[in-house]
Amino acid sequence: MDLAFASSLYPSNGKRAVSEVKPFSSTLRRKLSYQKISPCLATVAAQTSQAYDFVLENRKHDLLGAIQDTQRGLATTADQRSSIEEALVSVEGYNMGSPIDMVKLDGTWRLQYTSAPDVLVLFEAAARLPFFQVGQIFQKFECRDQSNGGIVRNVVRWSIPTLLEEQEGATLLVSAKFTTVSLRNIYLQFEEITVQNINISEELQALIAPAILPRSFLSLQILQFIRAFRAQIPVRDPGRQSVGGLYYLSYLDDNMLLGRAVGGGGVFVFTKAQPLE
């Protein structure tokens, strides 16, 4: 027997030092047990996260499928609106109670569906009037470096056929400041309405300055004026509280934004878009 090992078990007083071995033995057992359980817990957590993400993506897909043939909300039946609301609530439940992530919110979002009357009236006008078109509608948030607010710009691309380019003949810009008033609510204070980026059609350009004739200084000045035209209409009265509204951001992730205008103003479904020029 190894004498050094024996002396630690049987000290000089003749009593067996069992108590000195037990703490070492129980600690070792706990470490070995933890090492066996820890990888199992990590695997279970990873599988649970994957299942959570899979279900969420399916519910987002169902929502986008429900709004697909509605012309962004213009053509919906009562049954469709009910199915869309059910799909909305299903997705909203995954984000409930979380504060607004300003980094994720920052950027450009394309409107896919709405039930807001003030937006639907534009779609209805375009459907009824042959001389008016409504193109893409975006919300552009500028708040990456902010903690409780920023700027939001509602961007509406519109056109007048034969006079302006199709769908993107001009841009209507409604700018507002926003502040967070609770975990998911923001308050909008509208600042101004701007008409800009006017792109006239080739037909109108030919009428103003025919290509077969030498373009005069006046015709070139007219074209330049139209292209650079920008009209700004302030909404805010310096002596009064600006027009505003409460907006509930019910769901937000890297590629989808859902919102509700508080007070029955309608729902909005946006998807992430490329940055606007």
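# A walk through the predicted chain

Val181 sits in the loop between strand S4 (170-180) and strand S5 (185-196); helices (H or I, at least four residues) and strands (E, at least two) are DSSP runs, numbered from the N terminus. The model is predicted, so local features need pLDDT of at least 70 and side-chain atom pairs count only at pLDDT 80 or more, while totals for chains, interfaces and linings use all residues. Residues are numbered from 1 along each chain as its sequence is written, and side-chain values use heavy atoms, with hydrogens and water left out.

Together with Leu246 and Val262, Val181 makes a nonpolar surface patch of about 230 Å². Like charges are joined within 9 Å, and nonpolar side chains (Val, Leu, Ile, Met, Phe, Trp, Tyr) within 5 Å. Areas come from the Shrake-Rupley method with a 1.4 Å probe, and for residues only the protein chains shown count as cover.

The protein chain has seven helices and nine strands. Of its 277 residues, 34% are buried, meaning under 20% relative accessible area, with exposed being over 50% and partly exposed in between (1.4 Å probe, protein chains only). The accessible surface of the chain is about 17,400 Å², and carbon and sulfur atoms account for 58% of that. Contact means heavy atoms within 4.5 Å; among contacts between residues at least 6 apart in sequence, 63% join residues at least 24 apart.

Asn185, in strand S5, is buried at a relative accessible area of 18%. Its side chain makes a polar contact of 3.0 Å with the side chain of Ser182. A polar contact is a pair of N or O atoms within 3.5 Å; within protein, one must be able to donate a hydrogen and the other to accept it, and residues adjacent in sequence count only if both atoms are side-chain atoms. Leaving aside neighbours within four places in sequence, Asn185 also touches several residues, including Leu246, Tyr247 and Val262.

Strand S7 (residues 244-252) holds Ser250, which is buried with a relative accessible area of 1%. The side chains of Ser250 and Glu92 are joined by a polar contact of 2.7 Å. Beyond four places in sequence, Ser250 is in contact with Glu92, Asn95, Arg184, Leu258 and Gly259. Leu88 is 162 residues from Ser250 in sequence, yet their C-alpha atoms are 9.2 Å apart.

Lys60 belongs to helix H2 (residues 22-66) and counts as buried at 4% relative accessibility. Its side chain makes a polar contact with that of Glu57 (3.2 Å). Not counting residues up to four places away, Lys60 touches Val91, Tyr251, Asp253, Asn255 and Met256.

Four aromatic pairs are present. Rings of Phe, Tyr and Trp (its six-membered ring) pair if their centres lie within 6.5 Å; planes under 30 degrees apart count as stacked, over 60 as edge-to-face and the rest as tilted. Phe132 and Trp158 form a tilted pair, 6.4 Å centre to centre with 40° between the planes. Phe132 lies in the loop between helix H5 (117-128) and strand S2 (133-142) and Trp158 in strand S3 (residues 149-159), so this pair ties together parts 26 residues apart in sequence. Both Phe132 and Trp158 are buried. Phe268 and Phe270 have ring centres 6.1 Å apart and planes at 15°, so they are stacked. Ring pairs link Tyr247, Phe268 and Phe270 into a cluster.

Terms used
Patches are made of residues with over 30% relative accessible area and no salt bridge: like charges are joined within 9 Å, nonpolar side chains (Val, Leu, Ile, Met, Phe, Trp, Tyr) within 5 Å. A salt bridge is a side-chain nitrogen of Lys or Arg within 4 Å of a carboxyl oxygen of Asp or Glu.
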